Structure formats: structure tokens, C-alpha cells
Amino acid sequence: MRSFLEGLYRFSSLLAGLLVVFIFLLILGQVVGRQLGVAIPSANELSGFAMAGAVFLALAPTLRAGAHIRVGVLVRRLQGRVRRALELFVSAFSLLASGYATLQLWRLVLDSYRYGDLAPGLLPLPIWIPQSFLAVGLTIFTIALVDSLGALLRGELPSYLAEGGGQE
């Protein structure tokens, strides 16, 4: 199971990176296209969709690396059972919030697909496609939160503390 999860997190990171490369290529295409008198339709819109997808797909790998912003001022001062209780509470609350957001985002994707919603730009892109990147990224993030909460419940350090140093 551990190797599956690590592979899932790497896959999410890879997709996020590919979307950033896609943004770079779109911008490069716009710059070169201007010199040649060619316009790329909906390039700004596509870049925005790719950026949102990259951010959501990078949530889980960022959590695993311990790079999310945490309130370390309080946590650093706590020790033992009090710190563990706070970590458990925050992890459980984060999981509930993320789980709810994931459910609602997948509902939005299904509604957009069902109604045939299109992006508002020049390119008639079905909006469920970029929304799916967000939903997949948030789903993987929710799985990472389950993984972290499970580690805490087993008395282990979650990856964001083990790999991120645990200071913040």
C-alpha cells in the first residue's frame, strides 16, 4: 500500500509539473506567435486552467514534503500529548474540510459534464476537463490527509513532520 501511495503522490507531482511546462509552452508560443503575426486562441484561458490544475495537483506532494504553511509558533511550544492532540484535531478537521470540498468539486465536474458547459473563451472547451484536474488533485490531497491522520493514529510521525523537519 505504501508504494502505491508514494507512486500516486509522484504521479500527481509529475502531472503538476507537466501542466507548468504546458503553461511555459503556451507563453512561448504567444511570444513567438506575436513576432510571426499568429495568435493562439484562448491561450490566457488555457494558461489559467493549467495553473489551477498544477496548484491542485501539487497539494498532496507539497503536504508530503512538509512545505505547506503551518502555524509553528504554537505547535513548536507544545510537547507530548498536548501536541499530539492538536495534531490529531487539525488533521481530522483538515480531512473533513478537504473531503467535503472534494465531494462538491466532483459534483461540479459531473454537473458540467451533464449540462455540456463550455469555457467562456474563444475555444469551445468542455469545462469539465480543466475542472477534472482540480478534482483529481484535491482527491489525491484528501488521500494524503487520510495517510497523515492514519500515521498519527498509529503513533508515527506523518510525512509532513518526518520529511519537512517537524519544526514548522
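This is a predicted model: local features need pLDDT of at least 70, side-chain atom pairs count only at pLDDT 80 or more; totals for chains, interfaces and linings use all residues.
Reader: What makes up the fold, in helices and strands?
Author: Happy to start there! The protein has 7 helices and 0 strands. From the N terminus on, the order of elements reads α-α-α-α-α-α-α.

Reader: How do you know how the protein compares with a compact globule?
Author: A compact globule of 168 residues would come out near 15 Å, but the protein has 19 Å. The C-alpha trace spans about 65 × 35 × 30 Å along the principal axes. As for the interior, buried residues make up 37% of the 168 residues. Among contacts with a separation of 6 or more, 74% are between residues 24 or more positions apart.

Reader: Why are H5 and H6 called roughly antiparallel?
Author: Good one to check by hand. Two packed helices are described by the angle between their axes and the distance between the axes. For helix H5 (residues 80-115) and helix H6 (residues 128-153), the axes come within 8 Å and cross at roughly 160°. Angles over 145 degrees count as roughly antiparallel, and H5 and H6 are therefore roughly antiparallel to each other. The crossing in which H5 passes H6 is left-handed.

Reader: What classes of residue make the contact of H5 with H6?
Author: The contact has 20 nonpolar, 10 polar and 2 charged residues.

Reader: Where do H1 and H6 meet, and at what angle do they cross?
Author: The axes of H1 and H6 come within 11 Å and cross at roughly 145°. This crossing is left-handed. On the H1 side, the contact is made by Arg2, Leu5, Leu8, Tyr9, Ser12 and Leu19. On the H6 side, Phe133, Ile140, Ile143, Ala144 and Asp147 take part. By class, the residues of this contact divide into 8 nonpolar, 1 polar and 2 charged.

Reader: What is the phi of Ser42?
Author: The phi is positive, about 60°, although Ser42 is not a glycine.

Reader: What makes Ser13 partly exposed?
Author: The relative accessible area of Ser13 is 36%. Buried means under 20% and exposed over 50%, with partly exposed in between, so Ser13 is partly exposed. Ser13 sits in helix H1.

Reader: Which residues does Ser13 contact, leaving aside neighbours within four places in sequence?
Author: With those neighbours left aside, Ser13 is in contact with Leu57 and Pro61. Ser13 and Thr62 are 49 residues apart in sequence, and their C-alpha atoms lie 8.7 Å apart in space.

Reader: How do you know whether Leu157 is buried or exposed?
Author: Leu157 has 57% relative accessibility. Exposed means over 50%, so Leu157 counts as exposed. The place of Leu157 is in the loop between H6 and helix H7 (159-162).

Reader: What does Leu157 touch, not counting residues up to four places away in sequence?
Author: Not counting those, Leu157 touches Ala151 and Ala162. Along the chain, Leu157 and Arg84 are 73 residues apart, and their C-alpha atoms are separated by 9.9 Å.

How values were computed. Residues are numbered from 1 along each chain as its sequence is written. Side-chain values use heavy atoms; hydrogens and water are left out. Axes are lines fitted to C-alpha atoms, for helices over the stretch in contact, and angles run from 0 to 180 degrees between N-to-C directions. Helices (H or I, at least four residues) and strands (E, at least two) are DSSP runs, numbered from the N terminus. Angles under 35 degrees count as roughly parallel, over 145 as roughly antiparallel, 65 to 115 as roughly perpendicular and the rest as oblique. A crossing is left-handed if the near helix is turned anticlockwise from the far one by less than a right angle, and right-handed if clockwise. Ala, Val, Leu, Ile, Met, Phe, Trp, Tyr, Cys and Pro count as nonpolar, Asp, Glu, Lys and Arg as charged, and the others, Gly among them, as polar. The radius of gyration is taken over C-alpha atoms; the globule rule is 2.2 Å times the number of residues to the power 0.38. Buried means under 20% relative accessible area, exposed over 50%, partly exposed in between (1.4 Å probe, protein chains only). Contact means heavy atoms within 4.5 Å.
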